[in-house]
Amino acid sequence: MKRTIELLIVPVVGNCAVRTSEAICLDRRRRPTMGSFRPLCRCSSRVFASTSIHAIGAVLLFPRSFSLPLSPTRKLTVAAAVSTSALSMINPSSSYSQSSTEPETMMAPSTPRWKPTCLYYTQGQCTMMNEPMHLEKFNHDLSPELQVKANEVNNLQSQQLDYLLVLDLEGKVEILEFPVVMIDAKTMNYVDFFHRFVRPVEMSENRINEYIEGKYGKLGVNRVWHDTAIPFTNVLEQFEDWIIHHRLWKKEAGRSLCRAAFVTCGNWDLKTKVPEQCKVSHIKIPPYFMEWINLKDIYLNFYRRKAMGMRSMMNQLGIPLMGSHHLGIDDTKNIAKVVQRMLADGAVLQITARRNPKSLDHVEFLFKDRIR
Ligand SMILES: [Zn+2]
């Protein structure tokens, strides 16, 4: 039987038969519609178990179509040698380390082609900006991913806020990553980003290593985390410089953000995690964290349907996932895309939750209908 494979990604690490269930096969006859990148058929290990791929590294055959005879007894010979740098175009796990675990990653269809963001760059520490190979491999400009098309602004509503600071913290025990993407609420345009990896203050080195291995090791970015993470208090100092630079805040007691608000997917980030981290870091909750927009509440009230998280919003709106889910900077970009889409559809983004400055444990929720 002859079938045309458009894209075949075969992760080959040691014994490929174990990993082949993760191979993704796109069948040309079931070409996805423009804008989607879905694994149309997950090739089962049954199909590939008898293949004889036992190479080291990864094999990527892309983008030209080629014909392969597919049968359960077929021996697949890979003639094309493709470098791991080619794999890194679609798979951030190969970006920074030799992790053998494939992250949950999808490729966004876009021009120019998608590539993983350089995480040294996002933290102001990339030293390879003059190296063409590095620039070829990694993205150093977030704006193309969040570009707004001219016809998307037709339904824009008047907004009370000028800027939206999309924030999606990572870290269950202590905060490990603090990523912010700034969107102009009135034009939907991407403006800037702030991204820092955060070093826990109360954990032993061993515990930190285990924790980071378990979380970022899976995504292949544990090395860049170790190279760049700084304590939460230092992150906040730098973040304050950033919001002052953008004229969103003045360093005065009790000052909230000016013309801007955080946008989070749920209340957890600012209701729960930031106060917990402030306690651990022995600081007061900074005044700019006192109110926020829970995107899920806006989503519920605007579309009149529930979305329990970022992925369900993206699914419902038909927005393809970019990058690695649970890498904070990638999730933040994905949430920013949801924000842009909701603005384009005519949603008004306004504060949904406010902490009482006199009684910090008390948060008032401003929408009657909300996700609980
Ligand atoms: Zn770089």
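Val-263 touches Leu-164, Leu-165, Val-166, Leu-167, Ile-293, Leu-295, Val-339 and Leu-349, leaving aside residues up to four places away in sequence. The model is predicted. Val-263 also belongs to the largest nonpolar core, a set of 70 residues, where it is listed among those with the most contacts inside the core, together with Leu-164, Leu-165, Val-166, Ile-183, Ala-261 and Val-339. Helix α13 gives the most to this core, with 7 residues.

In the protein as a whole there are 13 helices and 15 strands. Of its 372 residues, 34% count as buried. Among contacts between residues at least 6 apart in sequence, 66% join residues at least 24 apart.

**The sheet**

An open sheet of 8 strands runs in the order β10-β9-β8-β7-β11-β12-β14-β15, and its pairing is mixed. The edges are formed by β10 (230-231) and β15 (359-365); each has a single partner strand, so one side of each is left without a neighbour in the sheet. Strands of a sheet pair through backbone hydrogen bonds, in either the parallel or the antiparallel sense.

| Strand pair | Direction | Bridges |
|---|---|---|
| β7 and β11 | parallel | 4 bridges |
| β11 and β12 | parallel | 3 bridges |
| β14 and β15 | antiparallel | 4 bridges |

Within these pairs, Leu-164 stands opposite Ala-261 in β11, and Phe-262 has Trp-292 in β12 as its bridge partner. Between β11 and β12 the chain passes through helix α10 (residues 268-280), and this β-α-β crossover is right-handed.

Strand β11 has 5 of its 5 residues buried, so it is largely enclosed by the rest of the structure. Both of its faces are covered: Ala-260, Phe-262 and Thr-264 are buried on one side, and Ala-261 and Val-263 on the other.

Strand β15 is a contrasting case: of its 7 residues, the number buried is 0, so it lies largely in the open. A hairpin of 2 residues connects β14 to β15, and Ala-353 stands opposite Phe-365 in β15.

**Helices on the sheet**

Helix α9 (residues 232-245) lies across β8 (177-184), β9 (190-199) and β10, at about 165 degrees to β9. Helix α13 (residues 328-345) also packs on the sheet, where it touches β7 (163-167), β8, β9 and β11 (260-264), and its direction makes about 25 degrees with that of β8.

**Helices α11 and α12**

In α11 (residues 295-303), the buried residues include Leu-295, Lys-296, Asp-297, Ile-298 and Tyr-299. Their cover includes β11, β12 (291-294), α12 (310-317) and α13. Leu-295 is also one of the residues that Val-263 touches. Just after α11, Arg-304 takes a positive phi of about 60 degrees.

Helix α12 has Met-310, Met-313 and Met-314 as its buried residues. Seen down the axis of α12, these fall within an arc of 95 degrees, so they line one face of the helix. An α-helix has 3.6 residues a turn, so residues three or four places apart point the same way. The cover over the buried residues of α12 includes α11 and α13. Gly-318 follows α12 and has a positive phi, near 70 degrees.

Key:
Residues are numbered from 1 along each chain as its sequence is written. This is a predicted model: local features need pLDDT of at least 70, side-chain atom pairs count only at pLDDT 80 or more; totals for chains, interfaces and linings use all residues. A residue is buried if 20 or more other C-beta atoms lie within 10 Å of its own, exposed if 12 or fewer, and partly exposed in between; C-beta atoms are placed from the backbone. Two residues are in contact if their C-beta atoms, placed from the backbone, lie within 7 Å. Two strands pair if DSSP finds at least two bridges between them. Axes are lines fitted to C-alpha atoms, for helices over the stretch in contact, and angles run from 0 to 180 degrees between N-to-C directions. A nonpolar core is a set of buried Ala, Val, Leu, Ile, Met, Phe, Trp, Tyr and Cys residues joined through C-beta atoms within 7 Å. The arc is that of the directions from the helix axis to the C-beta atoms. A crossover is right-handed if, with the strands pointing away from the viewer, the path from the first strand over the helix to the second runs clockwise.
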